[in-house]
Amino acid sequence: MSESESEPASETASGPEPASGSVSAKPFHILLLADPGLPTRRVKSIRESFTARARQLIDGEVTVSAETRMLRIHPDATLDIDSVRKMEEDHADADAVIMLTEIPRHTHGYPLISEIFPEQNVAIVSCPTLGAWATKRRIQKVFTGSLLRLLPPGTGPDPEEYDQRWSRWQSTERGEALGLFAHTITGGPRTVLGMVLGNDPLRTVPKLSSALAAGAATGAFGIFYSSIWQMADALSPLRLVVVGLAAMITMIVWLIIRDGLWDRPRNRSLTTVVTLYNGSTAITLLVCILMLYLALVVVIFLAGLVIIDAEYLASVISSEVSVLNYLNIAWFSAGMGVFAGAIGSSFDSGVDLRRLTHGQRERQREYTESA
């Protein structure tokens with residue numbers, strides 16, 4: 001399934017004037033390709049502004065097409081650059097192709113934001129490496145800097161005007177390819193957070209509906225058993241926090257083990273990338289389980305306010321009652337519920353599981369030996 005958009009060049013007098021030093025006035029077609037999901041949404045968000053910028057930099061008729069496609073990789077986890085050109089067979093007139101992929105790029109200890117291949121007129125930009133809070137302005141600058149480096153030298157503005165302070169361009173080991181590398185210290189965490197956002201943790205929470213149901217059923221006992229009220233009142237705030245953390249970690253470990261979400265490197269060269277995969281998986285699950293936990297706390301808290309009489313609760317715990325007592329009961333009961341939901345819980349379908357993590361989704365890109 002793909003969706004295509006094309007915007008013809010403006011012929012009105014109000015359009016932006018071509019910048020000095022622009023390339024020759026021949027028809028110029030830019031093809032934007034994006035992986036499904038977050039990359040596609042980001043391309044759509046900047047397409048109009050990027051088109052306007054391209055028309056300022058390139059003289060003549062300019063068209064920009066955008067399509068949703070999936071970048072393929074070889075079994076050794078290397079990108080299949082030729083597949084990008086095959087993707088634009090319907091756009092044989094494309095002068096430049098920019099692909100935004102959700103694959104995290106990492107080479108020799110440095111996160112790789114963008115890589116251009118002048119011989120193929122192709123640029124591949126890594127969406128996760130841009131970070132979780134990649135603004136439209138940042139994405140457009142990376143696209144523009146990549147596009148200018150695909151143009152013949154000296155025919156456009158200086159590409160360095162669009163470079164980020166926290167990144168640098170340098171040659172890669174792939175022939176004439178040129179890569180935009182992020183800083184090692186900040187690039188790694190930024191990439192992991194970008195991968196977490198690409199996993200759509202908020203959309204993953206509903207896929208744990210079976211665990212939520214089990215947790216709610218068990219947590220409801222906390223509303224009706226006075227011994228749980230007494231224990232929640234006796235525990236210190238620190239111990240209540242530890243109970244919650246222990247419950248969430250138990251559920252995360254169980255889901256990773258049961259559903260095989262932990263990736264192992266097939267060779268030593270992929271160790272760093274697989275570490276990024278596993279880190280993003282753990283954080284994604286943490287966000288999902290935290291949302292699940294907080295939802296249980298809210299539900300049990302509201303139910304407790306309705307069901308538990310304040311005078312009766314005061315007689316049980318032998319102290320004055322405040323909203324904090326109800327919150328402690330809800331927190332402790334939710335912890336019991338998450339423990340119960342962890343054991344035997346799983347995702348609601350195999351399709352959801354295959355879409356949860358980068359490692360699982362990346363396997364769908366690989367060519368098999370028979371392909």
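User: In which kind of crossing does α8 pass α11?

Analyst: A crossing is right-handed if the near helix is turned clockwise from the far one by less than a right angle, and left-handed if anticlockwise; in this structure α8 passes α11 in a right-handed crossing. This is a predicted model, in which local features need pLDDT of at least 70 and side-chain atom pairs count only at pLDDT 80 or more, whereas totals for chains, interfaces and linings use all residues. Residues are numbered from 1 along each chain as its sequence is written, and side-chain values use heavy atoms, with hydrogens and water left out.

User: At what angle do helices α8 and α11 pack, and how far apart are their axes?

Analyst: Helices (H or I, at least four residues) and strands (E, at least two) are DSSP runs numbered from the N terminus, and axes are lines fitted to C-alpha atoms, for helices over the stretch in contact, with angles from 0 to 180 degrees between N-to-C directions. Helix α8 (residues 226-234) and helix α11 (residues 310-317) pack at about 65°, with axes 9 Å apart. The two helices are therefore roughly perpendicular, where 65 to 115 degrees is the range for that word, under 35 is roughly parallel, over 145 roughly antiparallel and the rest oblique. With contact meaning heavy atoms within 4.5 Å, S226, W229, Q230 and D233 of α8 meet Y312, L313, V316 and I317 of α11.

User: How do the residues of the contact of α8 with α11 divide?

Analyst: Ala, Val, Leu, Ile, Met, Phe, Trp, Tyr, Cys and Pro count as nonpolar, Asp, Glu, Lys and Arg as charged, and the others, Gly among them, as polar; this contact holds five nonpolar, two polar and one charged.

User: How are α9 and α10 arranged, and which residues meet?

Analyst: Helix α9 (residues 237-259) and helix α10 (residues 271-307) pack at about 130° with axes 10 Å apart, and are therefore oblique to each other. α9 passes α10 in a right-handed crossing. On the α9 side G244, A247, M248, M251, I252, L255 and I256 take part, facing L285, L286, I289, L290, L292 and Y293 of α10, and the residues of this contact divide into twelve nonpolar, one polar and no charged.

User: Where does UniProt place the feature "transmembrane region"?

Analyst: UniProt positions are given in the numbering used here, with feature names shortened, and annotations may be inferred rather than shown by experiment. The unreviewed UniProt entry places this feature at residues 211-232, 238-261, 282-308 and 328-347. In the model, residues 238-261 are 92% helix and 0% strand, with end C-alpha atoms 31 Å apart, while residues 282-308 are 96% helix and 0% strand, with end C-alpha atoms 37 Å apart.
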